[in-house]
Amino acid sequence: MAPAMSGTLGASSVAALRPCAGRRVPAASSVAPRGSGVARCARGVRWGSGSSRGRLVGVRCDAAVAEKPAGEEATEEKFEYQAEVSRLMDLIVHSLYSHKEVFLRELVSNASDALDKLRFLGVTDSSLLADGGELEIRIKPDPDAGTITITDTGVGMTKDELKDCLGTIAQSGTSKFLKALKENKDLGADNSLIGQFGVGFYSAFLVAEKVVVSTKSPKSDKHYVWEAVADSSSYVIKEETSPEKMLTRGTQITLFLRPDDKYEFADPSRIQGLVKNYSQFVSFPIYTWQEKSRTVEVEEDEEPKEGEEAIEGEKKKNKKTITEKYWDWELANETKPIWMRNPKEIEKTEYNEFYKKTFNEFLDPLAHTHFTTEGEVEFRSVLYIPGMAPLSNEEIMNPKTKNIRLYVKRVFISDDFDGELFPRYLSFVKGIVDSNDLPLNVSREILQESRIVRIMRKRLVRKTFDMIEEIAEKDDKEDYKKFWESFGKFIKLGCIEDTGNHKRLAPLLRFHSSKNEGGTISLDQYVENMSENQKAIYYIATDNLQSAKTAPFLEKLVQKDIEVLYLIEPIDEVTIQNLQTYKEKKFVDISKEDLELGDEDEENQETKQEYTLLCDWVKQQLGDKVAKVQISKRLSSSPCVLVSGKFGWSANMERLMKAQTLGDTSSLEFMRGRRIFEINPDHPIVKDLNAACKNEPDSTEAKRAVELLYDTALISSGYTPESPAELGGKIYEMMAIALGGRWGRSDIEEAEATVGEASVEADSSEGMVTEVIEPSEVRPESDPWKV
């Protein structure tokens, strides 16, 4: 009782336990660790079977008195805890379980244990199996009476076992049975029994106001009935005398449901669903009482048609098909636990069918793995990679997807995990995990954090990586292409969140590149294609594939036949930044300063000196918009480009951070970093500006050209202009200068433009009245209608 109470009932149960003095006992009857003062308590709280003892029931507990008077041997006194049973029952029933529906799981598990015990004992004593029929469980809800009846043909209980198992709280009959088996080495041990704590039976009071247990043990000729009411401190045991109610063997539990729970749990379809969810893989057949329909043919008299007289004694019979409803038993756990079988004996089609039935899927999985782990932690598992990504956006990157179903000895425990068994980036994996000795709390609903769970998580993750790598290494690349399209974002998220598994995650990544635009390549393929002189892995991050292909940063790298990775998804750049290196090759962003291309030519010092004055002049015109102006090493056809600082955000990252709903705008200026304006000395525009800088540095047109050149570089480099309308005005103005009079305009249009300019000047002049000539009055000299 001490472990069960201290671990599950909490501090509130202390109020229900009151010490009182008892009689003395010999010193040998209670041996406590010296100096510890720790009491050794009895195994369970005895639930009184009569009212004479009242509501307080004793629990034996021996305590050693630590004080020892000089010259005298210390005396020992025995004290007894007193438990208020009704309060203790209330704690067990209402404080252990978070969902009422688990009562059926607990009772079915008890029935399964009873059948397992009988099967095990029947090996040495076949007479126990002589009567009682097949080993099975039957559940019959009665909506009209508001009852649920659960019947098993198991080992049953005698009167003493009823008092010991049902009358003693927190004493598990299954645990005692297992202990006896272990002590008897000849019989061995059966590890498939489910019960552990001895409180599962009392979950019946979650929904029942009265519980009646009718049981017949093959060891006894008498049939007994155990009966108890909720919120009571006593129970009744009587002998069954009615032949109609007697069982051949086994136990029958009848729950009289509370009024609030009657309509939900007396529904046959609800019971069927609970059995399929919690006890689908129990090794014994479970039958539920269900309403069914069938078509039958009936004969009915055919009425004579109009104008025909009915002949006496000659009535025509007409057959008609009707649908009738009836009640019958239906097997609820048809699906067998495939993970309990040998993987060598299971076909791929069987795995696929099990996956579809268990997870309600319609597509075959891309891959599966079936394994058993032994040693420090023992468990069996079947894992699947789905055939497609989740349809709902809510399920993407959601750790609580209910994709992993945890079983303990084939009984469903939970599918509500928050990263205990799988990390968030592998939440798309579906599967079954079954263990015989997981660290569960008493309600068997919560997986406690422990070293065992961490070991299980590590092994499950490792097996998942093995499964994904098998898909990637297949000769048929279509399967991995499907996987990457569906779950590529999950793998990239793993590179961000799980630094310990970078070596296994990085080879799974796929990206578009400048040499493989149609498909994707792996990092291994990129490294294999690198030249000997290339020291880094180059990449560029943009918002789409087309902008990556046409980015000015690529020009020199394409000329040198250097492959560049295209990062076109928002998560890509963060993924690469977290990896930092791959096979001792650093990742380098070609949109940032200090780009080193390895085998580049020696820098032309004469060109640098020639354009030093231009760089200083352009920096003077742009002011604080840029940190500096320099000659570019990465341009061949574009006149200029705007690169970001080495430690600041790239243009793509700046765009993403600005789009964040809860982003901190105050950090944008700080993290944006400096911008560097690089110019191409071989471009005609730059050469013209160089001449203007030397010959006419104060030219307004030259200064306007520099401003427009900067704004254009801003856009082509992936940045967003601060004032798009202002930039548009500059472009319109330059277009007007470039296009003015090139193709010629009619005299009428020129006159209209002249009149428009004149009217604007008139509006801007104060005190001056100017006659406005209508366009229709302006006639060219060639007008044929002119008089």
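This is a predicted model: local features need pLDDT of at least 70, side-chain atom pairs count only at pLDDT 80 or more; totals for chains, interfaces and linings use all residues.

**Entry 1: a buried glutamate**

I started with glutamate 101, which counts as buried at 18% relative accessibility (buried means under 20% relative accessible area, exposed over 50%, partly exposed in between, with a 1.4 Å probe and protein chains only). Residues are numbered from 1 along each chain as its sequence is written, and side-chain values use heavy atoms, with hydrogens and water left out.

What does glutamate 101 meet in a salt bridge? I found the side chain of arginine 270, at 2.9 Å from N to O (a salt bridge is a side-chain nitrogen of Lys or Arg within 4 Å of a carboxyl oxygen of Asp or Glu). Glutamate 101 lies in the loop between helix H2 (85–95) and helix H3 (102–121), and arginine 270 in helix H7 (residues 268–278), so the pair ties together parts 169 residues apart in sequence. I noted that helices (H or I, at least four residues) and strands (E, at least two) are DSSP runs numbered from the N terminus. Arginine 270 is partly exposed, at 27% relative accessible area.

I looked up the total, and the structure holds 28 salt bridges. One of them joins the side chains of arginine 675 and glutamate 654, at 2.9 Å from N to O. Arginine 675 sits in strand S28 (residues 675–679) and glutamate 654 in helix H18 (residues 651–658), so this pair links parts 21 residues apart in sequence. Buried or exposed? Both arginine 675 and glutamate 654 are buried.

Next I checked glutamate 569 and lysine 489, whose side chains form a salt bridge at 3.9 Å, N to O. Lysine 489 is partly exposed at 45% relative accessible area, and glutamate 569 is partly exposed too, at 27%. I also saw a network of salt bridges linking Lys489, Lys492, Glu569 and Asp572.

**Entry 2: a sheet**

Then I turned to an open sheet of five strands, in the order S15-S16-S19-S17-S18, with mixed pairing (two strands pair if DSSP finds at least two bridges between them). The edge strands are S15 (367–373) and S18 (411–414), each pairing on one side only.

How many bridges join S16 to S19? I got six, between strand S16 (residues 379–385) and strand S19 (residues 430–435), which run antiparallel. For tyrosine 384, the bridge partner in S19 is lysine 430.
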